[in-house]
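Okay, thanks everyone, let's get going.

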Amino acid sequence: MRRKAFATAALVALGLAGPLSADPVDDKLIVNGETELVTHTKAPDYIDGLDEIWSGWAFRAAETRAIEADDFDNPGMIFVEDAEAVWNRVEGGAGKSCASCHGDPSSMKGVRTVMPKYNEKAGDLWSLEDYINDCRVNRMQAEAWGWNDKDMVNMTALISVQSRGMPMNVAIDGPAKPYWEKGREMYYTRTGQLELSCANCHEDHYGDMIRADHLSQGQINGFPTYRLKNAKLNSIHARFKGCVRDTRAATYKPGSPEFHALELYVASRGNGLSVEGVAVRN
């Protein structure tokens with residue numbers, strides 16, 4: 001009882017107390033007037049806390065939604081263009097670029113929909129960033145990028161754009177299952193001085209006001225995401241780090257095993273939503 005009362009007080013402190021709430025907009029996201037994205041669909045059967053799932057786009061103000069609907073207005077696309085130049089840039093001892101092996105970036109179509117996934121050869125769960133660094137180190141003989149380095153985040157955006165409009169479809173069975181279960185446990189475990197879990201905000205209170213904004217379901221189908229708050233692209237793990245920090249808990253490092261597992265579970269909650277790449281959020 002004390003823990004429940006404390007958690008309720010924590011939600012009050014974060015601005016979740018009060019009648020202000022908003023339903024997600026039941027509108028269509030059509031990018032560049034030609035590509036319609038799924039932003040609302042039935043929740044996967046294995047998700048207990050939700051009957052339907054909504055992209056974070058549906059919780060944003062009309063002005064923000066409009067920015068994402070046009071690549072000329074979307075500031076995140078500037079970083080995608082930067083990554084296109086890096087895609088063709090020769091680096092490392094092997095004298096290769098991304099294009100040397102993969103050709104045009106369009107060859108990456110579908111990749112983002114299944115990330116993260118279990119890598120049989122490595123015997124571990126890999127995110128898109130792991131695959132990028134594997135190519136850099138072992139094929140290009142170049143230095144690995146840091147998880148949140150500008151080039152890394154930009155490249156994940158370029159690869160994500162190739163799958164825009166395709167449904168998220170991460171695997172949670174077979175060798176991926178233990179990671180998924182670990183991620184699920186993390187999602188529902190209260191942490192930090194505020195004793196909050198991911199579910200407290202993104203499952204129990206989505207649509208409610210937090211400070212001056214509405215909480216979404218915390219879907220990651222739009223990542224990497226351009227945030228108006230910091231005017232740059234933000235990786236999935238960087239957003240996880242910020243959320244954990246907001247509970248006043250010791251957080252994990254981007255690229256950590258914990259965030260890999262959490263990424264798989266959260267990605268699976270959005271299976272069926274379209275890859276948005278690059279989304280625009282507050």
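So, the second largest pocket has a volume of about 500 Å³. Its lining counts 25 residues, and the closest to the centre are His102, Tyr131, Ile132, Cys135 and Arg139. Before I go on: this is a predicted model, so local features need pLDDT of at least 70 and side-chain atom pairs count only at pLDDT 80 or more, while totals for chains, interfaces and linings use all residues. Residues are numbered from 1 along each chain as its sequence is written, and side-chain values use heavy atoms, with hydrogens and water left out.

What do I mean by a pocket? On a 1 Å grid over the protein atoms alone, it's an open set of points with protein on both sides within 12 Å along at least five of seven lines; a cavity is a set where a 1.4 Å probe fits but cannot get out, and lining residues have an atom within 4 Å of a point. Points are joined across faces, edges and corners, and a volume is the space filled by probe spheres set on them.

Which elements each supply at least two residues of its lining? They're α4 (98–102), β5 (117–119), α5 and α6, where helices (H or I, at least four residues) and strands (E, at least two) are DSSP runs numbered from the N terminus. α5 gives the most, with 8 residues. By class, the lining divides into 16 nonpolar, 4 polar and 5 charged; here Ala, Val, Leu, Ile, Met, Phe, Trp, Tyr, Cys and Pro count as nonpolar, Asp, Glu, Lys and Arg as charged, and the others, Gly among them, as polar.

Let me zoom in on Arg139, which sits in helix α5 (residues 128–139). Is Arg139 buried, partly exposed or exposed? Partly exposed, because its relative accessibility is 43%, and buried means under 20%, exposed over 50%, partly exposed in between (1.4 Å probe, protein chains only). Not counting residues up to four places away in sequence, Arg139 touches Ala94, Lys96, Cys101, His102 and Asp134, with contact meaning heavy atoms within 4.5 Å. Take Cys101: 38 residues from Arg139 along the chain, yet their C-alpha atoms are separated by 8.9 Å.

Now the largest pocket, at about 1200 Å³. Of its 41 lining residues, the closest to the centre are His202, Leu215, Arg239, Cys243 and Asp246. Two or more residues come from each of α7 (177–188), α8 (198–202), β8 (213–214), β9, α9 (236–246) and α10 (257–269). Here α9 gives the most, with 6 residues.

β9 (residues 225–227) pairs with β11 in the parallel sense over 3 bridges, and in β11 the bridge partner of Tyr226 is Val280.

Conventions
Pairing = 2+ DSSP bridges.
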